[in-house]
Amino acid sequence: MFSLPLSETTVLVVDCQATGSGPGRSHLLEVAFALARASDAGLVRVTERLVRLPPGARLPPEAARLTGLDARALEAGVAPEHAWRELAAAAASLAPVTLLGEVPAVGHFARYEERFLRPLALAEARARELGGAPAQVSLAFVCTHAIARRLLPDLPRMTLRALTGYLGRAVGPLRRSGEHVAATAFVWRELVRALAAEAGVRHFDELAAWLRAPAPRSAAARAPRTRKRRVYPLARELRLGLPDLPGVYRLLRAGGDVLYVGKATSLKERVNDHFRGRGTHERALEMLSQARDLAVTVAASPLEAALLESDLIKAHDPPYNVALRPGPRPWFASPRALGPERAAGAARTLGPFAGPEPLARLAALRGALARAEVSADTAHAVLGMPERRAPEPACFAEGLQRFARRHELGAG
């Protein structure tokens with residue numbers, strides 16, 4: 001690396017979105033970049049470019065879901081080589097900071113960006129060499145994820161959304177390069193401050209040496225195996241001191257933004273349920289990595305808590321509430337008929353659900369329990385898995401019988 005001050009050096013912040021994890025069978029979808037300096041407090045000016053897919057390539061459904069892009073939008077994009085040349089020109093606008101012509105580039109998972117940009121850089125360098133043009137600048141990447149893992153070893157998740165939220169800023173639900181560049185610039189600024197204050201690291205060469213040194217062990221890793229547990233940013237004594245009363249709670253990120261609103265028959269039990277066990281799913285861990293504070297409102301009854309919860313979700317639109325967020329109305333059902341309906345009513349007391357799928361599976365399960373025989377597609381309907389992966393009818397029927405005996409369920 002090079003001996004330059006971290007806070008005063010302008011860096012190129014980069015983010016790429018693609019159809020997969022590497023350039024072998026994957027294709028770029030979007031490239032964004034910005035020039036940023038850690039000592040500047042303002043927003044960065046981001047350049048973002050959609051990238052056309054090569055002929056015959058298709059946009060995978062999962063990539064479309066994560067990014068919100070569609071094939072029509074990508075048709076208006078630029079060629080990958082064009083996106084690289086724009087990015088390289090921005091890098092070249094920074095006077096090369098070493099004799100090798102390197103400039104510092106910052107990415108959250110920098111190896112991901114390098115996988116896609118390095119082949120484009122090499123191809124462009126060969127073309128310029130054949131044309132007699134001088135070589136372009138090269139990028140020396142710094143990874144904010146690697147820095148955060150050492151500065152914050154106890155944070156449960158360090159995705160860009162989790163880390164940005166922990167530091168007090170929101171990132172939208174879609175993976176778009178422009179927003180991710182702005183978030184990475186913000187994270188870089190906060191990490192540079194922490195590096196100076198907590199590790200005494202103020203220059204790029206010091207940062208390189210610090211990253212090469214053995215990483216500190218987290219508190220969870222240092223604990224005896226019998227006591228090993230995750231460590232969360234929210235103070236443990238805060239949640240343990242909650243009353244055993246009905247109410248509504250709000251998980252808050254730094255700065256006070258509401259992450260999640262929940263209702264509880266017992267505030268103490270419900271809030272602490274979020275932090276128990278090792279099986280917490282990724283989305284919950286991402287949320288809990290950002291939660292720095294907690295606000296509660298005691299209610300007179302669970303019903304009052306449920307009504308207040310709905311009002312607060314509509315007022316704050318928290319990113320980790322799904323079923324009651326503004327938008328499509330939630331689904332309800334009658335306990336006997338299990339017929340999915342969008343509106344609640346006196347007879348429809350099951351819910352709310354985010355969609356009709358859980359209700360359809362419950363209805364299929366009830367039907368299977370009521371019948372003496374199961375058909376070939378029963379397991380598919382009840383379990384919601386592809387038919388080719390569903391168990392054989394005989395195997396499923398035996399499992400269904402055991403389920404009914406264990407839960408003392410009769411026909412109907």
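Trainee: Leaving aside neighbours within four places in sequence, what is Glu 8 in contact with?
Mentor: Glu 8 is in contact with Arg 37 and Ser 39, where contact means heavy atoms within 4.5 Å. This is a predicted model, in which local features need pLDDT of at least 70 and side-chain atom pairs count only at pLDDT 80 or more, while totals for chains, interfaces and linings use all residues. Residues are numbered from 1 along each chain as its sequence is written, and side-chain values use heavy atoms, with hydrogens and water left out.

Trainee: Where does Glu 8 lie?
Mentor: In the segment before β1. Helices (H or I, at least four residues) and strands (E, at least two) are DSSP runs, numbered from the N terminus.

Trainee: What is the strand order in the open sheet?
Mentor: The order is β3-β2-β1-β4-β5, 5 strands with mixed pairing. Two strands pair if DSSP finds at least two bridges between them. The edge strands, each pairing on one side only, are β3 (47–50) and β5 (138–143).

Trainee: How many bridges join β1 to β2?
Mentor: There are 9, and the two strands run antiparallel. Cys 16 stands opposite Val 31 in β2. On β4 (residues 102–107), β1 (residues 10–18) pairs in the parallel sense over 2 bridges, and Leu 12 has Ala 105 of β4 as its bridge partner.

Trainee: Which helix lies across β1?
Mentor: Helix α4 (residues 110–130), which also lies across β2 (28–37), β4 and β5 and runs at about 85° to β1. Axes are lines fitted to C-alpha atoms, for helices over the stretch in contact, and angles run from 0 to 180 degrees between N-to-C directions.

Trainee: Switching to helix pairs: at what angle do α5 and α8 pack?
Mentor: Helix α5 (residues 144–151) and helix α8 (residues 204–212) pack at about 65°, their axes 11 Å apart.

Trainee: Which residues meet there?
Mentor: From α5, Ala 146, Ile 147, Arg 150 and Leu 151; from α8, Leu 207, Trp 210, Leu 211 and Arg 212.

Trainee: Last topic, aromatics. How many aromatic pairs are there?
Mentor: The structure holds 4. Trp 188 and Phe 204 are stacked, because their ring centres are 6.2 Å apart and their planes are at 25°. Rings of Phe, Tyr and Trp (its six-membered ring) pair if their centres lie within 6.5 Å; planes under 30 degrees apart count as stacked, over 60 as edge-to-face and the rest as tilted.

Trainee: Where do Trp 188 and Phe 204 sit in the chain?
Mentor: Trp 188 is in helix α7 (residues 177–199) and Phe 204 in helix α8, 16 residues apart. Trp 188 counts as buried at 0% relative accessibility, and Phe 204 counts as buried at 1%.

Key. Buried < 20%, exposed > 50% of the residue type's maximum accessible area, 1.4 Å probe, protein only.
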